[in-house]
Amino acid sequence: MFERPDVGERAVLVHIEFSSQGESEDLGEFRELVTSAGVEPVATVTGSRNQPSPRFFVGEGKLDEVQAAVVESGADVVLFNHALSPSQERNVERELKCRVLDRTGVILDIFAQRARTHEGKLQVELAQLEHMSTRLIRGWTHLERQKGGIGLRGPGETQLETDRRLLRARIKSIHRRLDKVRRQRDQGRRARQRADIPTVSLVGYTNAGKSTLFNYITAATVYTADQLFATLDPTLRRLELPDIGPVVVADTVGFIRHLPHKLVEAFRATLQETKQASLLLHVVDCHDDRRDENMEQVEDVLLEIGADEVPVLQVFNKIDLLDNFEPRVERNELGEPVRVWVSAVTGAGIPALFDAVVERLAEDVIHQFVLLGPGDGKLRALLHQAGSVLAEEQRENGDAVIEVRLQSRDWFQLLSRAGIKPDAIRLDQGTRPIQGT
């Protein structure tokens, strides 16, 4: 579509510190983004200003410095670690005579490379088209209005107007297809809710180790790599947990500071898995120097998508990179587990993580000693069949005391199947372990 120099594999990075802005982007993280996109950074131009220039974003002197770096390094593309307006991109391209991308464009390029499922490709294409719709003009500045003549008399549109019309039609088409995907996802969620199957969703900053942890606890084979945005497509796996039963575990796309709003909108269908989850596992790279800042960014995105009310269990990952650090569980003043230190590579702390997840999900678990008479054989059989009997003891009068532990919903379902009303159940007040089975 665009008449531009082909994008190469060598790039000049531009990073400017602005005194008028509270929080600046991280240059090291931007280098990781560029490397993840398959581009080699060959030069970096840094500087500082009070505020961005309306025309070039940087000053004219800094623009000359960028141009000299492009010529000296033979770079094919200039990447800004900032969000540029369409006019700024166009003006800088005109001056440098090479391809220019801002931070959002780099992230979109990575997403386009990583999307593997049909839904993921649709979401990325939607974000790209909406980003491109404000930047079409720079691709057609060399064209005039469509020529007339026999066989060429058109509606009088410019090529730019034609492309905008086609773009709008494509965006509407993708929205319709994503709505269909969203409805299918909603049906799956409603089916799980009717079956009372909890959902545990993994969230966290990009490259925190979510997919590695997901693969370890579910024995899945999701693509993992030490790079940003290795995972784009949500993956669901079923897992059996003691006392809980079946649980659906969801691996989701990683977050990043200043995640482009268009990407959040495009991935809203995917992020619904996070919003509707029973428990969020917030995976944190505990070895990262910007750990606390990354956690704040994740919490900001959760707030933006309406998932800030979902219960959270923090999982501090990569303890294998810390010196002599043992896995542990941290609890709040109520005794609830709030943070688990693990290594998804070595498996250290994973059993404690399972216990913490069960504890957080099993808030409505019934653990009691039930007195059953000779006529309660059906309930006794159902409890054994469900694997809910921990121990059993026979009394001399023919009664049996069984120690049961199960979800309250399962308890009431079994009572209904046995034809017993809940208020007819006799409980033994003993709290000791029962001898024998």
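Residues count as buried under 20% relative accessible area, as exposed over 50%, and as partly exposed in between. The legends below describe close-up views of a predicted model.

**View 1. Acidic surface patch around Asp300.** Asp300 has a relative accessibility of 45% and is therefore classed as partly exposed. The residue belongs to helix α10, which covers residues 291–304. Together with Glu296, Glu299 and Glu304, Asp300 makes up a negative surface patch.

**View 2. Salt bridge between Arg103 and Glu29.** The structure holds 13 salt bridges. One of them joins Arg103 to Glu29, with 3.0 Å between the closest N and O atoms. This pair links distant parts of the chain, 74 residues apart: Arg103 lies in helix α4 (residues 103–114) and Glu29 in helix α1 (residues 27–36). Arg103 and Glu29 are both buried.

**View 3. Salt bridge between Glu125 and Arg170.** The side chains of Glu125 and Arg170 form a salt bridge with an N to O distance of 2.8 Å. Glu125 has a relative accessible area of 24% and so is partly exposed. Arg170, at 29% relative accessibility, is partly exposed as well.

**View 4. Salt bridge between Asp399 and Arg426.** In this pair the N to O distance is 3.5 Å. Asp399 sits in the loop between β13 (389–394) and β14 (400–407), whereas Arg426 is in strand β15 (residues 426–428); the pair is 27 residues apart and links distant parts of the chain. Asp399 is buried because its relative accessible area is 12%, under the 20% limit. Arg426 is partly exposed, with a relative accessibility of 39%.

**View 5. Salt-bridge network of Arg328, Glu330 and Arg339.** These three residues are linked in a network of salt bridges. Side chains of opposite charge can pair when their charged atoms come close.

**View 6. Helix α11 and its buried residues.** Helix α11 covers residues 350–361, 12 residues in total. From the first C-alpha to the last, α11 reaches 16 Å, close to the 16 Å expected at 1.5 Å a residue. Its buried residues are Ile350, Leu353, Ala356, Val357, Val358, Arg360 and Leu361. An α-helix has 3.6 residues a turn, so residues three or four places apart point the same way.

**View 7. Gln314 in strand β9, with Gly204.** Gln314 is part of strand β9 (residues 312–317). With a relative accessibility of 15%, Gln314 counts as buried. The C-alpha atoms of Gln314 and Gly204 are 9.4 Å apart in space, while the two residues are 110 apart in sequence.

**View 8. Positive phi at Lys97.** Lys97 is not a glycine, yet its phi is positive, near 55°. Lys97 is placed in the loop between α3 (86–96) and β4 (99–101). Its relative accessible area is 67%, so Lys97 is exposed.

**View 9. Positive phi at Lys318.** Lys318 also has a positive phi, about 70°, without being a glycine. The loop that holds Lys318 runs between β9 and β10 (329–331). Lys318 is buried, as its relative accessible area is 17%.

Key. Residues are numbered from 1 along each chain as its sequence is written. This is a predicted model: local features need pLDDT of at least 70, side-chain atom pairs count only at pLDDT 80 or more; totals for chains, interfaces and linings use all residues. Side-chain values use heavy atoms; hydrogens and water are left out. Patches are made of residues with over 30% relative accessible area and no salt bridge: like charges are joined within 9 Å, nonpolar side chains (Val, Leu, Ile, Met, Phe, Trp, Tyr) within 5 Å. Accessible areas come from the Shrake-Rupley method with a 1.4 Å probe; for residues, only the protein chains shown count as cover. A salt bridge is a side-chain nitrogen of Lys or Arg within 4 Å of a carboxyl oxygen of Asp or Glu. Lys and Arg count as positive and Asp and Glu as negative; His and the chain ends are not counted. The place of a charge is taken as NZ of Lys, CZ of Arg, CG of Asp or CD of Glu. Helices (H or I, at least four residues) and strands (E, at least two) are DSSP runs, numbered from the N terminus. Buried means under 20% relative accessible area, exposed over 50%, partly exposed in between (1.4 Å probe, protein chains only). The expected span of a helix is 1.5 Å times one less than its number of residues.
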